[in-house]
Amino acid sequence: MTTSPVVMWFRRDLRLADNEALSRAAASGEVLPVFVLDPTFTVSGAPRMAFMLRALRKLDQEMGGALVILHGDPREVIPRVAKSVGAREVFAARDFAPYGMKRDAEVAKALQANGASLVQCGSAYAVEPGTVRKGDGTPYAVFTPFYKVWQTVGWPKPFDVPKPTWVQSPKVQCEGFPDEPECSATLPEASAKAAMNRWDEFSEKALDRYYDIRNNPDVDGTSMLSPYLRFGLVHPRTLLADLNDTKSQAHYRSELCWREFYADVLFHQPRTTWENLQPKMNAMKLDTGAKAKQRFDAWCKGETGYPIVDAGMKQLVATGWMHNRVRMIVASFLVKDLHLPWQWGARFFMRHLVDGDIASNNHGWQWTAGTGTDAAPYFRIFNPVAQGEKFDPQGTYVRTWLPQLADVATNMVHQPWELGMLNPYVAPIVDHSVERDESLARYKAVTGK
DNA sequence: TTTTGAGTTGTTCGA
DNA sequence: GTCGAACAACTCAAA
């Protein structure tokens, strides 16, 4: 007697451990593991693509070479594969981003036409987007109340995954791994093992000081797990299960919640991927002409003349990652010192970030731009000199990425133009205090006061 | 029902 | 140098 196999469709969950959909698939029968290289992915950033391909190779190794890589549109590929191996069920985690939801609905429909079904269980989140609601059933627009409810909703313990029996069928051939795109950035190791190693290292060395050191880019004080969370090499549930209620560990938990909050906001309002969450901000005057493009170019290259901004941009391009504090500083600079659309910065980030996640990235940008969920006022404008002095007090971070500053005295390292003729660095492209006033004036024009 | 207080991440100014 | 106030506006929940 032979039973028909099931298909496990991997997407943003490139791991075998603590994988709810896989545990369900493995309990249902022999499993054909597939990953579909959707042409839509090829337009995303090269570092992220390279990282994902490396993660896929590792996943394939972990399952003894059973992973079937297929190329094409999942709407066509998944139903064809299910049909050719006689699978009646395709297991996959839920995706809550706009493109993924649309794609999954269409795949489910195509499967149904063949008498098969898409069984979606689990997601990349501890609490699935759409779950946390206010008393009246509407979603939250502010983080803190969301966070409180999110914690009371809670999440399951990590899932045990029984060792699956992988199917290798002559009817479905692996179409092979594509070549990695050209990527000069030095990326972290892409494997579930590497994710857990990093979690162990962070837990031992930094987690209990996290509250105090998380904002310092010159210190290895953040988890750096974002690339792993992005591709599901680790599930947040696995991390949450290890956390206690001390101030630092609770704060790390709240950072994991930010990721879930933004996913929730985007789930409820998919239009806010590239549009302002707050429509009133559509009236904000922005610069988009030739001069604006020139300034944007300087920002991208890390040549604004403000060391903390430029160091951040160099780190991004060199490593595919930027410290969170610095992300806020460079974003504030683009929006409030250069008066450029946040979308320009968000797009550049998405091209370069290994952890680029459309919900976290774009809503993080909206938060800084004052067009999003910010419960704080618009006049909160970062001063790049003050931020540098506060969070990189020794100048270690800026010197790491800007060798021209190697010999500049620490008290000048965040404002080398004060050295006058002796400034070894490029001159600032704008005057912060002037642009700050300009931003506040433009904001006043929006509010009409 | 209305009021009240608090809200990730800040800066500047004047005492 | 340190401190508190002012900077604006809206969400949300508790009183």
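The points that follow treat the basis of the model, its domains, its DNA surfaces and some local features.

1. Basis. This is a predicted model, in which local features need pLDDT of at least 70 and side-chain atom pairs count only at pLDDT 80 or more, while totals for chains, interfaces and linings use all residues. Residues are numbered from 1 along each chain as its sequence is written, and chains are lettered from A and ligands numbered from 1 in the order in which they are written.

2. Domains. Chain A is assigned domain 1 (6-123), domain 2 (125-159 + 192-268) and domain 3 (279-447); such bounds come from an automatic or database domain assignment. Between the C-alpha centres of domain 2 and domain 3 the distance is 26 Å. Contact joins 17 residues of domain 2 to 18 residues of domain 3, two residues being in contact if their C-beta atoms, placed from the backbone, lie within 7 Å. On the domain 2 side, helix H8 (226-230) and helix H10 (247-268) each supply at least two residues; helices (H or I, at least four residues) and strands (E, at least two) are DSSP runs numbered from the N terminus. H10 gives the most to this side, with five residues. The side of domain 2 that touches domain 3 comprises ten nonpolar, four polar and three charged residues. Here Ala, Val, Leu, Ile, Met, Phe, Trp, Tyr, Cys and Pro count as nonpolar, Asp, Glu, Lys and Arg as charged, and the others, Gly among them, as polar.

3. DNA strand B. There are 16 residues around DNA strand B, and Phe143, Thr144, Arg380, Asn383 and Ala386 come nearest. A residue is near a strand if its C-beta atom, placed from the backbone, lies within 6 Å of it. Helix H5 (143-153) and helix H16 (384-391) each contribute at least two residues to this surface, whose classes are eleven nonpolar, four polar and one charged.

4. DNA strand C. Eleven residues surround DNA strand C, the closest being Lys134, Ala141, Pro145, Pro377 and Thr447.

5. Helix packing. The axes of helix H14 (residues 342-352) and helix H15 (residues 358-369) come within 10 Å and cross at roughly 145°. Axes are lines fitted to C-alpha atoms, for helices over the stretch in contact, and angles run from 0 to 180 degrees between N-to-C directions. In H14, Trp342, Gly345, Ala346, Phe349 and Met350 meet Asn361, Asn362, Trp365, Gln366 and Ala369 of H15. This contact has six nonpolar, four polar and no charged residues.

6. Asp18 sits in the loop between strand E1 (6-10) and helix H1 (20-28). Asp18 counts as buried because 23 C-beta neighbours lie inside 10 Å; the cut-offs are 20 or more other C-beta atoms within 10 Å for buried, 12 or fewer for exposed, and in between for partly exposed, with C-beta atoms placed from the backbone. Met224 likewise has a positive phi, near 55°, and lies in the loop between helix H7 (210-213) and H8. With 19 other C-beta atoms within 10 Å, Met224 is partly exposed.

7. Ala55. This residue belongs to helix H2 (residues 46-62) and is buried, with 26 other C-beta atoms within 10 Å. Leaving aside neighbours within four places in sequence, Ala55 is in contact with Leu14, Ala190, Ser191, Phe231 and Leu233.
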